[in-house]
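I set out to record the fold, the helix geometry and the pockets of this entry. My notes follow in the order in which I looked things up.

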Amino acid sequence: MTTSTQAPEATVPPPSAPASAPAPVRPGPPPRPRPTAVLLATAVSTAALLLLVALGTVLHHPLLIPPLAASMALVAASPDLPLSQPRSVVGGQLLSALAGFAVLAVAGPGLWSAAVAGGLALGVMMLARAPHSPAAATAVIVALGSPPFWTFTGLLLLSCALLVAVGLLAARATRRRYPVYWF
């Protein structure tokens, strides 16, 4: 009696098409904001900047400088971003002004100094974990304009505090969360 045991035949999968990686997803533009969000951010930003102009008029010193308009745009339109948090708005602006004054003390006013001050401001903000891109322009303004240190720094601090305060009021009125963190 012969018994033969046969091994089951191995099943080989049929050849398949070469595996291709999924196509990378390309990011598109951000979603269109709701009209009420646009109106609110516009109104809040405009009110804050008008407040800076009004207070500057009373104090006989301009408080509205271009970087602060950009700062308020971030606070009003994107309050959740790290760039919009009080640590970044106040700290980034003040650190950048100090970077501008440091370059000014070493190299004097001018375009070359302004370029170095703007770049140095970025590094200082990154080290302090207070990134705020509009603040690099504050360093440039300091290196170009050579403003009085205490006057400029004090008014800059006041202006930044007002922008954050307006952001806080707007958040309370709209039940949004701002700031996400303070320090």
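**Notebook: fold, helices and pockets**

I began with contacts, keeping in mind that the model is predicted. Of the contacts in the protein between residues at least 6 apart in sequence, I find that 74% join residues at least 24 apart.

I then listed the secondary structure. The protein has 6 helices and 0 strands, and its pattern along the sequence reads α-α-α-α-α-α.

I looked up burial and surface next. Of the 183 residues, 35% count as buried. The accessible surface comes to about 11700 Å², and carbon and sulfur atoms account for 71% of it.

Helix 3 (residues 86-107) has 22 residues and should span 32 Å at 1.5 Å a residue; I note 31 Å between its end C-alpha atoms, which agrees. Helix 6 (residues 149-174) has 26 residues and reaches 37 Å, close to the 38 Å expected. Arg175 follows helix 6 with a positive phi, near 60 degrees.

Helix 1 (35-59), helix 2 (66-77) and helix 6 each give two or more residues to its lining, with the largest share, 6 residues, from helix 1. Of the 18 lining residues, Ala37, Ala41, Ala76, Ala77 and Arg176 lie nearest the centre. I count the lining as 13 nonpolar, 3 polar and 2 charged residues.

The second largest pocket has a volume of about 180 Å³. Its lining includes His61, Pro148 and Phe152, and helix 6 gives the largest share, 5 residues. I find 9 nonpolar, 3 polar and no charged residues there.

Terms used
Residues numbered from 1 in each chain as written. Predicted model: local features only at pLDDT ≥ 70, side-chain atom pairs only at ≥ 80, totals over all residues. Heavy atoms only, no water. Helix = DSSP H or I, 4+ residues; strand = E, 2+ residues; numbered from the N terminus. Expected span 1.5 Å × (residues − 1). Buried < 20%, exposed > 50% of the residue type's maximum accessible area, 1.4 Å probe, protein only. Contact = heavy atoms within 4.5 Å. Areas by Shrake-Rupley, 256 points an atom, 1.4 Å probe, with all protein chains shown as cover. 1 Å grid on protein atoms, 1.4 Å probe; cavity = no way out; pocket = protein on both sides within 12 Å on 5 of 7 lines; lining within 4 Å. Nonpolar A, V, L, I, M, F, W, Y, C, P; charged D, E, K, R; others polar. Points joined across faces, edges and corners; volume = space filled by probe spheres on them.
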